[in-house]
Amino acid sequence: MDLKTTVSLLLLLLLGFCNGHNDNVRNDSLNAIVSSTDFLLEGDVIIPKTRNAMKCLDGTNSCLWPKSANGHVEIPFVISDKYDNTDTKNIKTAMHGIQSRTCIRFIPHTKQDGYLSIEPKAGCASLLGYTGNKQVVSLQRYGCVTNGIIQHELLHALGFYHEHSRSDRDGYIRINWANIEEGYASDFEKANTNNLDTPYDYSSVMHYGRTAFGKNDLETITPIPDESVPIGQRNGVSDIDILRINKENCSNMFRF
């Protein structure tokens, strides 16, 4: 398996619910996904922590979703028939919340090689960026099919990492390493990122919550200097989330 294919198999997991109870539920779901060969086909997954939006390995933006002739970035998708009408409506509403403010267009899959297959597997998870073939976005029916969580996973599919891993994060948050559950410290490592000239965003839908992977719901991330700043919201994409999507994908259609 070549490097690009290996990277495309990276499983990015939903993190940062707003309260400790949901964090515990989430941890159980994530453990189930990690052990599933549906997502991790090989054990040595390479993580390209080079920027907040993923850096393409060959330098030609091939891991970004391709632009159509009209300048839009069209993302074909299919939604599993295992969802009920309410779930399906929620997924489409979350998609609309992204495409109504960007050049992204979610379109029904026909014959395209690369597309999103949205399925109710265990937990909430997505592959990272464009793979050029079928890529699963897992949205478990009970707990994952809400607006902010759906958008969180769709942004992973667009190629975006979690906010707390930014290269400049030490000026905005403190990681409480002693409070992190054993085996999860790597999820809090800082990356050498290019942040698209956008400010650190506590309100990003991609930000971890305070107690993500915390021992006994202890706080793992503390905002600084104001410790009262809310983090980990899952209501929906923030204005800065939208700005980053547009900077990465829509520079031909927007002025910044």
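Guide: UniProt annotations may be inferred rather than shown by experiment, and their positions are given here in the numbering of this chain. The model itself is predicted.

Visitor: Which residue does UniProt list for "active site"?

Guide: The unreviewed UniProt entry lists Glu 153 under that name. Glu 153 is part of helix H4.

Visitor: Why is Glu 153 called buried?

Guide: Buried means under 20% relative accessible area. Glu 153 has a relative accessible area of 0%, so Glu 153 is buried.

Visitor: Which residues carry the UniProt feature "binding site"?

Guide: The unreviewed entry places this feature at His 152, His 156 and His 162. His 152 lies in helix H4, and His 156 is placed in helix H4 too.

Visitor: Is His 152 buried or exposed, and how do you know?

Guide: The relative accessibility of His 152 is 0%, so His 152 counts as buried. His 156 also has a value of 0%, and therefore counts as buried.

Visitor: What makes the pair His 152 and His 156 a polar contact?

Guide: A polar contact needs N or O atoms within 3.5 Å, one able to donate a hydrogen and the other to accept it. The side chains of His 152 and His 156 make such a contact at 3.1 Å. As for helices in general, there are 3.6 residues a turn in an α-helix, so residues three or four places apart point the same way.

Visitor: What makes Asp 87 and Arg 141 a salt bridge?

Guide: The cut-off is 4 Å, from a side-chain nitrogen of Lys or Arg to a carboxyl oxygen of Asp or Glu. In this pair the closest N and O atoms are 2.7 Å apart, and the pair forms a salt bridge. In general, side chains of opposite charge can pair when their charged atoms come close.

Visitor: Are the two partners buried or partly exposed?

Guide: Asp 87 has 8% relative accessibility and so counts as buried. Arg 141 has 24%, so Arg 141 counts as partly exposed.

Visitor: How many salt bridges are there in the whole structure?

Guide: A search finds 12. Among them is the pair of Asp 170 and Arg 169, at 3.0 Å from N to O. Arg 169 is at 3% relative accessibility and counts as buried, whereas Asp 170, at 45%, is partly exposed. Another is the pair of Glu 219 and Arg 210, whose closest N and O atoms are 3.4 Å apart. Glu 219 is partly exposed, at 28%.

Visitor: What makes His 72 buried rather than partly exposed?

Guide: The cut-off for buried is under 20%. His 72 has a relative accessible area of 17%, so His 72 is buried. His 72 is located in the loop between helix H2 (20-34) and E2. The side chain of His 72 has a polar contact of 3.4 Å with the side chain of Arg 105. Leaving out residues up to four places away in sequence, His 72 touches Pro 66, Lys 67, Cys 103, Arg 105 and Met 253.

Visitor: Why is helix H5 called mostly covered?

Guide: Eight of the 11 residues of H5 are buried; they include Ile 240, Ile 242 and Ile 245. The buried residues of H5 pack against E2, H3, E3 and H4.

Visitor: Which residues have the most contacts inside the largest nonpolar core?

Guide: This core has 34 residues, and those with the most contacts inside it are Phe 106, Leu 116, Leu 139 and Leu 155. Helix H4 gives the largest share, six residues.

Visitor: How do you know where this core lies relative to domain 1 (36-158) and domain 2 (163-250)?

Guide: Both domains give residues to the core, so the core lies between them.

Visitor: What does Phe 106 contact?

Guide: Setting aside neighbours within four places in sequence, Phe 106 is in contact with Ile 75, Phe 77, Met 95, Ile 98, Gln 99, Leu 116 and Leu 154.

Methods:
Residues numbered from 1 in each chain as written. Predicted model: local features only at pLDDT ≥ 70, side-chain atom pairs only at ≥ 80, totals over all residues. Heavy atoms only, no water. Core = buried A, V, L, I, M, F, W, Y, C linked by side-chain atoms within 4.5 Å. Buried < 20%, exposed > 50% of the residue type's maximum accessible area, 1.4 Å probe, protein only. Helix = DSSP H or I, 4+ residues; strand = E, 2+ residues; numbered from the N terminus. Domains from an automatic or database assignment. Contact = heavy atoms within 4.5 Å.
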